[in-house]
Amino acid sequence: MRGTRVLVLNSGSSSVKYQLVDMADGSRLASGIVERIGEGPVADHSAALKQVADELSSQGLGLDSPELAAVGHRVVHGGTRFTEPTLITDEVVEEIEKLIPLAPLHNPANVTGIKVARELRPDLPQVAIFDTAFHSTIPERAARYAIDTATADAYGIRRYGFHGTSHAYVSRAAAKLLGKDPSEVNTIVLHLGNGASASAVEGGVCVDTSMGLTPLEGLVMGTRSGDLDPAVIFHLARVGGMSPDDIDTLLNKRSGLLGLCGDNDMREIGRRMGEGDRAARLAFDIYIHRLRKYVGAYTAVLGRVDAIVFTAGVGENSAAVREAAMQRLDALGIEVDAALNAVRGSSARLISAEGSRVAVAVVPTDEELEIATQAYALVSD
Ligand code: ADP
């Protein structure tokens, strides 16, 4: 008799987050984060994972427990090679390493996490869950950029999309909230965290998403610019004398809300707007304008929209963002109930007005539960 627990590991460049989930009832038995890897006592990922193992052991939930059925690893980039939850073998590790040029900031840490976890429990099934996988169904017309095909193919340039685990979980949960099967509903998912992305999901299948080759494209984010004219980059190089790395840092780390007003936290921006701060107001307006453009675009892509779903830190918590993003969209059949929108809560809920043709919902995302669910489904087949 195999166990029902799954350890979910999210190995980032300087931290490892973990959750131990019991798939018998979806409950969390343990969770935590080991931070500042490379500084001070936690020398490297190996030390970090050993600390995770020790923390679990001290709660009687050690990695040696027979209750543990699998480890589920979040992997950011699966390229076109990985479109499903994948049982990790030596060959799979090599393939994920080959994708490092597409995700130089993320995949190396993911690979290290996998290697160390396999050393700690070589006999245990370990499963890779890719952030890109849910978007692998996007049709070529939406996935390809309009550039020379041979060049694009030589360098793997296409829309991959990210936050897929969240978009998958949230679109399914929204269907459930409506009492329908995912195959029956068309959904626009707005994942608004520090990173932010939108997706168009038709009958449970993703058909477009706002992030592209990397997580830089699309919505205005905490520190990323999202969409911009690609010629801005040549201009900054030729006229501004900036290097590719300088521009990379500018667009990924010093742009978005932070670049516009000096703050990337929506709570702080809301507070400043309340004091009449004009830079914060403009940053908010630019953020909302971009969001509305994607809602309009994905409405056209889907043809019929049944639900718009807000999730992640901003989407779940900021009534002001939801209100501004959805106002004056009655021509699209979208009407929010101001009182419902203002209610704070931690469970999935509708915020649309009685007569709204499109349901508007807030659905807390749960990427760890989704990773555990997918990993468990694979090993218990
Ligand atoms: P990450 O992309 O790091 O996973 P989260 O989904 O946790 O991010 O979202 C983090 C962001 O959520 C914060 O930067 C902040 O802007 C926003 N946020 C969190 N709580 C609130 C709140 N109560 N009101 C408005 N925004 C919030």
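The side chains of Glu91 and Arg81 come together in a salt bridge, with 3.3 Å from N to O. Because Glu91 belongs to helix H2 (residues 90-98) while Arg81 sits in the loop between strand E4 (68-75) and strand E5 (86-87), this pair ties together parts of the chain that are 10 residues apart in sequence. Glu91 is partly exposed at 41% relative accessibility, and Arg81 is likewise partly exposed, with a relative accessible area of 39%. The model described here is a predicted one.

**Domains and salt bridges**

The protein chain is divided into domain 1, which covers 5-130, and domain 2, which covers 179-367. The centres of domain 1 and domain 2, taken over C-alpha atoms, are separated by 29 Å.

The structure holds 21 salt bridges, and three of these pairs are set out below.

| Pair | N to O distance |
|---|---|
| Glu91 and Arg81 | 3.3 Å |
| Arg172 and Glu370 | 2.8 Å |
| Arg271 and Glu275 | 2.8 Å |

In the salt bridge between Arg172 and Glu370, the closest N and O atoms are 2.8 Å apart. Arg172 lies in helix H6 (residues 164-177) and Glu370 in helix H15 (residues 367-379), so that this pair ties together parts of the chain 198 residues apart in sequence. Arg172 counts as partly exposed at 39% relative accessibility, whereas Glu370, at 2% relative accessibility, counts as buried.

The side chains of Arg271 and Glu275 also meet in a salt bridge, at 2.8 Å from N to O. Here Arg271 is partly exposed, with a relative accessible area of 42%, while Glu275 counts as exposed at 59% relative accessibility. Salt bridges that share partners join Arg81, Glu91, Glu95 and Lys98 into one network, which takes in the Glu91 and Arg81 pair described at the outset.

With a relative accessible area of 12%, His163 is buried. When its neighbours within four places in sequence are left aside, His163 is in contact with Asp131, His135, His191, Gly195, Ala196, Ser197 and Met211.

**Aromatic pairs**

A pair of aromatic rings is described by the distance of the centres and the angle of the planes. The structure holds 2 aromatic pairs. The rings of Phe82 and Phe130 have centres 4.6 Å apart and planes at 5°, and the pair is therefore stacked. This pair links distant parts of the chain, since Phe82 lies in the loop between E4 and E5 and Phe130 in strand E6 (residues 126-130), 48 residues apart. Both Phe82 and Phe130 are buried.

Tyr294 and Tyr298 form an aromatic pair that is edge-to-face, with 5.6 Å from centre to centre and 75° between the planes. Tyr294 and Tyr298 both belong to helix H11 (residues 278-302), where they are 4 residues apart, about one turn of the helix. Tyr294 counts as buried at 12% relative accessibility, and Tyr298 counts as buried at 3% relative accessibility.

Technical notes. Residues numbered from 1 in each chain as written. Predicted model: local features only at pLDDT ≥ 70, side-chain atom pairs only at ≥ 80, totals over all residues. Heavy atoms only, no water. Domains from an automatic or database assignment. Salt bridge = Lys/Arg side-chain N within 4 Å of Asp/Glu carboxyl O. Helix = DSSP H or I, 4+ residues; strand = E, 2+ residues; numbered from the N terminus. Buried < 20%, exposed > 50% of the residue type's maximum accessible area, 1.4 Å probe, protein only. Contact = heavy atoms within 4.5 Å. Phe/Tyr/Trp six-rings, centres within 6.5 Å; stacked < 30°, edge-to-face > 60°.
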